[in-house]
Amino acid sequence: MAAVLVSATVMGSGPAVAETNEGCPILEQWGDRVEGDVSPGACAFIAKQTEFGAMRSDTPEAREARVRLYGSIFAADGTLAESGSAPPVRGRAAIENNLRTLLGAFPTFRFTPVKVVVNGGTVFYEAANEAVINGQLVRYPAVYRVVLENGEVTEGRRYHDRTEWFRPIEAGALRELFAGVADDCPRRGPSFTGPGLTAPVTDPKCHLAYLGRLSNAMTDVRLAADQAAAGPRTKFQEYRGTVRAKGRKIEYGMIVGTGPGLMRYYFDTLPLNYDDAETAVLFGKLLTGAAPPVR
């Protein structure tokens, strides 16, 4: 595990890719936040994803409009999965129901785009997410990786750390996979960040300690490189497969992002810290602890 991810450090952001993005109006306001050759289908996805991220959910009507917009992004038989243990949700209707549940728990959920990299029918959409949970504003990064066919998402995955959702609910009782790993990191080196870190870390020793904690949290690791996209400045590489954690085998994945001066990890620590029964208890608390929308 650690060897695979450390190797991504030296891969850099990849060679420059020609960008011919004429005919995509949303890109005019995005500048270098979008990299790669953006097809009409990718342009439509980026526009809808961005609109969805900015929408409100503070009334039943607004929430349903948001659900319908999100559903229109997917093919009728498309799939959506978390980066952690949950099996994929299959079909547009089921995906819409999944979102209704999400917005029920997070009526204030929204996001803004950070970086988008396109490689043919594969799009990596990096976002800054936020939601009010138990009266506290929670912010966390995410990458939405999709595969498009005929302008519709046939396969979507969400890469983010769901542990952040429970921070306002569990307070000091929340299990932290990387607690203290960045307490003493004075040396200078390549910057990296990821789940459990509040700021980038530059100490190579701390980087190895971070990856060591991740490796020790799982066994029987069977992850392989999957989708990737690279632009002139940024590269995203996805790894997918299975691991064993907390006594069970789970579907798992992560994304490594590399760009100028910073390496970023996106994965879910929740299934590495909590088994299925414990996770169900946490979600029970979440459904009653999420705050109503701020008007």
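Which strand is Ile133 found in? Ile133 sits in strand β5, with helices (H or I, at least four residues) and strands (E, at least two) taken as DSSP runs numbered from the N terminus. This is a predicted model, where local features need pLDDT of at least 70 and side-chain atom pairs count only at pLDDT 80 or more, while totals for chains, interfaces and linings use all residues. Residues are numbered from 1 along each chain as its sequence is written, and side-chain values use heavy atoms, leaving out hydrogens and water.

**View 1. The whole chain.** Eight helices and twelve strands make up the secondary structure here. Of the 295 residues, 51% are buried; that means under 20% relative accessible area, with exposed over 50% and partly exposed in between (1.4 Å probe, protein chains only). Among contacts (heavy atoms within 4.5 Å) with a separation of 6 or more, 58% join residues 24 or more positions apart.

**View 2. The largest nonpolar core.** A nonpolar core is a set of buried Ala, Val, Leu, Ile, Met, Phe, Trp, Tyr and Cys residues joined through side-chain atoms within 4.5 Å. The largest one has 48 residues, and Val38, Phe45, Ile46, Phe106, Phe109 and Tyr125 have the most contacts inside it. Elements giving it two or more residues include α2 (40-54), α3 (60-73), β5 (122-133) and α8 (276-289). The top contributor is β6, with six residues. Zoom in on Phe45: leaving aside residues up to four places away in sequence, Phe45 touches Ile73, Val123, Tyr125, Val146, Leu148 and Val153. Apart from this core lies another, of 24 residues, with Cys206, Leu214, Met218 and Leu272 among them.

View 3. The structure holds two cavities of 30 Å³ or more. A cavity is a set of points on a 1 Å grid over the protein atoms alone where a 1.4 Å probe fits but cannot get out, and lining residues have an atom within 4 Å of a point. Points are joined across faces, edges and corners, and a volume is the space filled by probe spheres set on them. The largest cavity comes to about 110 Å³. It has 14 lining residues, and Leu102, Phe109, Asn129, Tyr144 and Arg158 are the closest to its centre.

**View 4. The second largest cavity.** This one holds about 70 Å³ of space. Among its 13 lining residues, Gln49, Tyr70, Phe74, Tyr144 and Val146 are the closest to the centre. β7 gives the most to this lining, with four residues.

**View 5. Two positive phi values.** Most residues other than glycine have a negative phi. Asn150, not a glycine, has a positive phi of about 55°; Asn150 belongs to the loop between β6 and β7 and is exposed, at 82% relative accessible area. Ala171, also not a glycine, has a positive phi of about 50°. Ala171 lies in the loop between α5 (167-170) and β8 (191-193) and counts as exposed at 54% relative accessibility.

Note on methods. 1 Å grid on protein atoms, 1.4 Å probe; cavity = no way out; pocket = protein on both sides within 12 Å on 5 of 7 lines; lining within 4 Å.
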